[in-house]
Amino acid sequence: MSSRVTATVYTSHVPAIGVAIDLGKTGEPYWRPLFEKYEPSREWMDANTPDAIVLVYNDHGNALSLELIPTFTIGLAASFPIADEGWGPRPVPEVPGHPALAAHIAQSVIQQDFDLTIANELAVDHGLTVPLSIMFGEREAWPCPVIPVAVNVVQYPVPSGRRCLELGKAIRRAIEQFDDDLDVQVWGTGGMSHQLQGPRAGLINAEFDHDFLDRIVTDPERLADMPHVDYVREAGSEGIELVMWLVARGAMAAASPREVRRLYHVPASNTAVGHLILQP
Ligand code: DHB
Ligand code: FE
């Protein structure tokens, strides 16, 4: 018996999307076009709910702080509480973990020479909960366990695209060696172009975003060599979140994956929303 990566899912994590869902505003004129575009993805997810998700995201100074800045963190807990980001925790269920698979991935990936920080307690912020809400909608309980993998993209130095792609490959090898019969999805979240502060606040670069969507599907190896300064110059200071998509892409071996879904939408808060579902 062994497990496998059945799909990789990519999506922005705009906090205002979570607020729109939580306050029942998804039918309002500003939000309806975006949620309509995600609807086929939610239907696909209903039909293809995995046994577990490895969810690559970034914490935004909520669970982690400047006191300790791990580059890569994996959550081993049985359950992850919802972070209070200043307005109380989002009204969504706690996120169930998968301690056995998470411990196996930690063991395997660290033995493959990646330095992961182990989190036995971790509150999860909008970086993780908004993608879950987008893909599963409002639920009494999340439909499968989730293993959080937090990447530092908030405080420099942040990991390179190359390191993220290679981490994804190591995670896939770990999953394929797990002695249980599980369908696993790996999600890469954050992005696309956005900058939240400074003179360029509100920056959107649709040309860069579309090019990134093309290249992550067809040529992740070359995309992984793009330096940080290009992300920041072209996609804004928070556009660097996109390196996390390379972790998910690395978790899928296929040179030419099947593109199940692609979506690009502006406006959503300050962010260009991008989304892909790929299958081997
Ligand atoms: C926004 C986007 C983010 O990725 C984030 O973490 C916070 C805010 C925004 O578009 O408003
Ligand atoms: Fe963010």
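**Exercise 1. Decide whether Cys164 is buried or exposed, and state how many disulfides the structure holds.**

Solution. Cys164 is buried, with a relative accessible area of 0%, where buried means under 20% relative accessible area, exposed over 50%, and partly exposed in between (1.4 Å probe, protein chains only). Before going on, note that this is a predicted model, in which local features need pLDDT of at least 70 and side-chain atom pairs count only at pLDDT 80 or more, while totals for chains, interfaces and linings use all residues. Residues are numbered from 1 along each chain as its sequence is written, chains are lettered from A and ligands numbered from 1 in the order in which they are written, and side-chain values use heavy atoms, with hydrogens and water left out. Next, Cys144 is also buried, at a relative accessible area of 3%. Finally, the structure holds zero disulfides, a disulfide being a pair of cysteine sulfur atoms within 2.5 Å.

**Exercise 2. Work out the order of the strands in the open sheet, and explain which strands stand at the edges.**

Solution. The open sheet is formed by eight strands in the order 6-3-7-2-8-1-10-9, with mixed pairing; two strands pair if DSSP finds at least two bridges between them. Strand 6 (117-119) and strand 9 (258-268) are the edges, because each has a single partner strand and so one side of each is left without a neighbour in the sheet. From one strand to the next, the twist averages 20°. In general, strands of a sheet pair through backbone hydrogen bonds, either parallel or antiparallel.

Now follow strand 2. Strand 2 runs parallel to strand 7 (residues 146-151), with five bridges between them, and five bridges also join strand 2 to strand 8 in the parallel sense. Ile53 stands opposite Val146, Tyr57 opposite Ala150, and Leu55 opposite Trp187 in strand 8. Ala52, Val54 and Val56 point one way and Ile53, Leu55 and Tyr57 the other way, and all are buried.

**Exercise 3. Name the protein donors of the iron ion (ligand 2) and compare the accessibility of His60 with that of Glu241.**

Solution. The donors are His13 (NE2), His60 (NE2) and Glu241 (OE), at 2.0 to 2.2 Å from the iron ion; donors are N, O and S atoms within 2.8 Å of the metal (3.2 Å for Na, K and Ca), and sites may look incomplete because water is not among the atoms. His60, in the loop between strand 2 (52-57) and strand 3 (72-75), and Glu241, in the loop between helix 8 (228-235) and helix 9 (243-250), are 181 residues apart and link distant parts of the chain. His60 is partly exposed at 26%, whereas Glu241 is buried at 3%.

Technical notes. Helix = DSSP H or I, 4+ residues; strand = E, 2+ residues; numbered from the N terminus. Axes fitted to C-alpha atoms, helices over the stretch in contact; angles between N-to-C directions.
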